[in-house]
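Me: Before we discuss this protein, I would like to see the structure itself, and then to go through the terms one by one.

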Amino acid sequence: MRLLPRSALALSLLVSAPMSANSAETPLPDAVAAPGESVVLSVHAEGAQVYECKVGADGKLAWAFREPIATLFADGKTVGRHYAGPNWEHSDGSAVVGKAIGNAPGATASDIPWLKLEVISHRGSGVLEGVTTVQRVNTIGGKLDGPCDKAGSFKSAPYSAEYVFLRKG
């Protein structure tokens, strides 16, 4: 039996591996796509979108988005958290803060939009250290509709999403 060099072995494994789910999916909407960037980390999030009852510009009470709170999972393990800022913290100590620069509608009227966020600051060192863009895709739930009766009251709407952390180049 002849052993393959590492590069040939890696190539044979790559060629024989089944296509990933991502390669079979339809392309991302232009508003959230990040051409030329490579994936650093992809995680699943489970949490809630928190809303506050506020007086709107029209003088009427309405639910206003306040903040997200979610747990980040990879391979079934908790690897971080997501919260107001928006911030994403990884369990290795690295973290990023983003600013929304693009969005596309969720699949249904009750799904929060897909987002493209530009990373505006980094903390710590680890997997998120060189991240330049964050995408929120495959959202389920998170929108809150209906009346609010008391200014200052809070309500949350459960949601899930995939967060994809990307690097330029």
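Reply: A polar contact is a pair of N or O atoms within 3.5 Å, where within protein one atom must be able to donate a hydrogen and the other to accept it, and where residues adjacent in sequence count only if both atoms are side-chain atoms. This is a predicted model, in which local features need pLDDT of at least 70 and side-chain atom pairs count only at pLDDT 80 or more, whereas totals for chains, interfaces and linings use all residues. Residues are numbered from 1 along each chain as its sequence is written, and side-chain values use heavy atoms, with hydrogens and water left out.

Me: What makes the pair Thr139 and Trp114 a polar contact?

Reply: The side chains of Thr139 and Trp114 are joined at 3.5 Å, and the definition asks for N or O atoms within 3.5 Å.

Me: Why is Thr139 called buried?

Reply: Thr139 has a relative accessible area of 3% and is therefore buried, since buried means under 20%, exposed over 50% and partly exposed in between, with a 1.4 Å probe and protein chains only. Apart from neighbours within four places in sequence, Thr139 has contacts (heavy atoms within 4.5 Å) that include Gly106, Asp111, Pro113 and Ser160.

Me: How do you know that Cys53 and Cys148 form a disulfide?

Reply: Their sulfur atoms lie 2.2 Å apart, and a disulfide is a pair of cysteine sulfur atoms within 2.5 Å, so the pair qualifies. The link joins distant parts of the chain, with Cys53 in strand 1 (residues 37–55) and Cys148, 95 residues away, in the loop between strand 7 (133–141) and strand 8 (154–168). Cys53 and Cys148 are both buried, and a search of the whole structure finds one disulfide.

Me: What makes strand 1 and strand 2 a pair?

Reply: Strands are DSSP runs of E with at least two residues, while helices are runs of H or I with at least four, and both are numbered from the N terminus. Two strands pair if DSSP finds at least two bridges between them; strand 1 and strand 2 (residues 61–74) have 12, in the antiparallel sense.

Me: How confident is the predictor, in terms of mean pLDDT?

Reply: On the scale of pLDDT, the predictor's confidence in each residue from 0 to 100, the chain has a mean of 87, and 85% of its residues reach 70 or more. Over residues 1–24, however, the pLDDT is below 50.
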